[in-house]
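Please work through each task before reading its solution.

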Amino acid sequence: MNESGIQPGFYAAPGSRTGIFSWIFSTDHKRIGLLYLFSIFSFFAVGVCFGLLMRLELIAPGRTIVGPSTYNAFFTLHGVIMIFLFVIPGIPVSLGNFFMPLQIGARDVAFPRINLLSWWFYITGGLLALLSLFTGHGPPDTGWTFYAPYSIRTGTNVVLAVSAAFVLGMSSILTGLNFITTIHRMRAPGMTWFRMPLFVWSVYATAWVQILATPILGITLLLVIIERLFGVGFFDPAKGGDPILYQHLFWTYSHPAVYIMILPAMGVVTEIIPVFSRRTVFGYKAIAFSSMAIASVGYFVWGHHMFTSGMSDVARVVFSFITFIVAIPSGVKVFNWVASMYKGSIRVDAPLLFVLAFIFLFSIGGLTGLILGALATNIQVHGTYFVVGHFHYVIFGGAVFAFFGGLHYWFPKITGRMYNEKRARLAWLFLFIGFNALYFPMFILGWEGMPRRYYDYLPKFQPLNVVSTVGSWIVATGLILLFANLLRSARKGAAAGPNPWGGTTLEWQTSSPPPHENFGEIPVITQGPYIYNPSKGKGHGTA
Amino acid sequence: MNPGKTEQLKTENKNGEMTYILAWAMLVALTAITVGVYTLHLGTAGVAIALVIASLKAGVILLFFMHLRQESRFLQSVFLLPVFLLGAIIGLTFIDVWYR
């Protein structure tokens, strides 16, 4: 115990290795979760820098700070880093790794060494992506989608960037495999499927998507490499290939990947709402099944990314119809979250603020998704800034805001200390205002016809581009405030105690930070989570 | 280990060896059929036949060499999940290809 009265927990785990080696060779799921947390936020910082540079370039028409080729490299790298290195691994590998075993009453994941291997694959993939910037004939300029035939023909360093995404995919598959096995095999006695916290359900649904969808991306990227190196005509029409086939294969993975990003975020939201409303979750099974439904239906909607590709009319109608079906389980979740708060004893701390922002921003993102899912309106806004606005509302406003909410919610458990609430709220305010200033103008710009990925634009689009760029500076300020607060609090925050929020799931029933192997004795579960009725005891009643 | 159990395991192993040999023979026979069908130059039908035979071979490997036959109903149904998914994905892709 240190001078603040905080137990060292897993930070003082026994072992022969010390210093950084006790982290990068650790098989403890909590240490691996934190390794991932620092790794993904390091890459996030790089991605943010590229985003800020792009916005700065777009503050005025014509050349502002860089030329067109550099701008192409900026948006490619912003996309590749944010998608493959930040938001896809995102919540599952960090918060999922740390909290899923705790929430099911396990001592670790099923395959701790494979867990560590997945982190090494992740780092290798990240380094390969960075290496692609400085080697070959310049950084890739294809956009994060690597669309053929341009990705086959461009002279830039596509092979290395694609190899990086391939290795990152292997990491993702291993994590999914590990989590599914853990949830099936290692739940505490009495932890039936419908007594599992809903965050675990969301991680479980995500893991299935990781296992079943990622190999499709792997093989597709491999085909791009083979076509570039050996000239085999898979996708380039000049060699007898089919470029639309590339789009099919790419989006067969990359649309489900959107659910890899958002499902765990929905899980975090579902954990925070009952704790800060002091109410049980409304419709537990409906939320659990809606996670599985989103994961399942999400496989069959990829064609809505390709409405203007030259795909057949029949396919366009079918994909448009299935796309609308996804709105049903998504709507179930949103209504259930709001209903869970109804008549609750609501405490509006930073985690709930991020959750409320999530519901608001994700709803805008989801509803604009319907405009994109409908064939006729899609044609109007396809390939415009409307898509950029929609995507960032779903992924930044949704997944990343929930991630920040989860970081604040579980911060006391991870560090044993409380963050500064006032600074956290201030950071949230900057992020919320900045976010809307940054991305809402994109809906209007897109509707008016400003195409995305273009280096230049017509002068009439400038006022809204200025608003957007100023928004990016406000977001950057919010991010600095948020991380400065968390980093400072990790060292100087007041002792949090084992359960500062009065949470009912198992992670709150062990010390903060948790000890090595999580529990002195594996708990025996006698009832479901989220029970706040005093007559029935609290939460995961343990025998 | 009690003698009865050892005896039972020996019998199972003996049966297992026989099963593996039969499964291997089936794979060889199916490969021979694939080659034979190729020599007939049946065009599109030849491709369809080759795919069916390849699926049968994959089934034999899964059932016998990867022990899917001895697994629980749950694991067997989990295996069917990616098969169904692959079928659906290929089907949806062909809705585009056929009607383009």
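**Exercise 1.** State which side chain of opposite charge is nearest to the buried Glu507(A), and how far away it is.

*Solution.* In this predicted model, local features need pLDDT of at least 70, side-chain atom pairs count only at pLDDT 80 or more, and totals for chains, interfaces and linings use all residues. Residues are numbered from 1 along each chain as its sequence is written, chains are lettered from A and ligands numbered from 1 in the order in which they are written, and side-chain values use heavy atoms, without hydrogens and water.

Step 1: Glu507(A) is located in the segment after helix 16 of chain A.
Step 2: Glu507(A) is buried (under 20% relative accessible area, 1.4 Å probe, protein chains only).
Step 3: Glu507(A) has no salt bridge (a side-chain nitrogen of Lys or Arg within 4 Å of a carboxyl oxygen of Asp or Glu).
Step 4: The nearest side chain of opposite charge is that of Lys413(A), 7.7 Å away.

**Exercise 2.** Identify the helix that gives the most residues to the positive patch.

*Solution.* 
Step 1: The patch on the surface consists of Lys422(A), Arg423(A), Arg488(A), Arg491(A) and Lys492(A). Patch residues have over 30% relative accessible area and no salt bridge, with like charges joined within 9 Å and nonpolar side chains (Val, Leu, Ile, Met, Phe, Trp, Tyr) within 5 Å.
Step 2: Helix 15 (421-447) and helix 16 (462-492) of chain A each supply at least two residues; helices are DSSP runs (H or I, at least four residues), numbered from the N terminus.
Step 3: Helix 16 of chain A gives the most, three residues.

Note on methods. Areas by Shrake-Rupley, 256 points an atom, 1.4 Å probe, with all protein chains shown as cover. Lys, Arg positive; Asp, Glu negative; His and termini not counted. Charge placed at Lys NZ, Arg CZ, Asp CG, Glu CD. Buried < 20%, exposed > 50% of the residue type's maximum accessible area, 1.4 Å probe, protein only.
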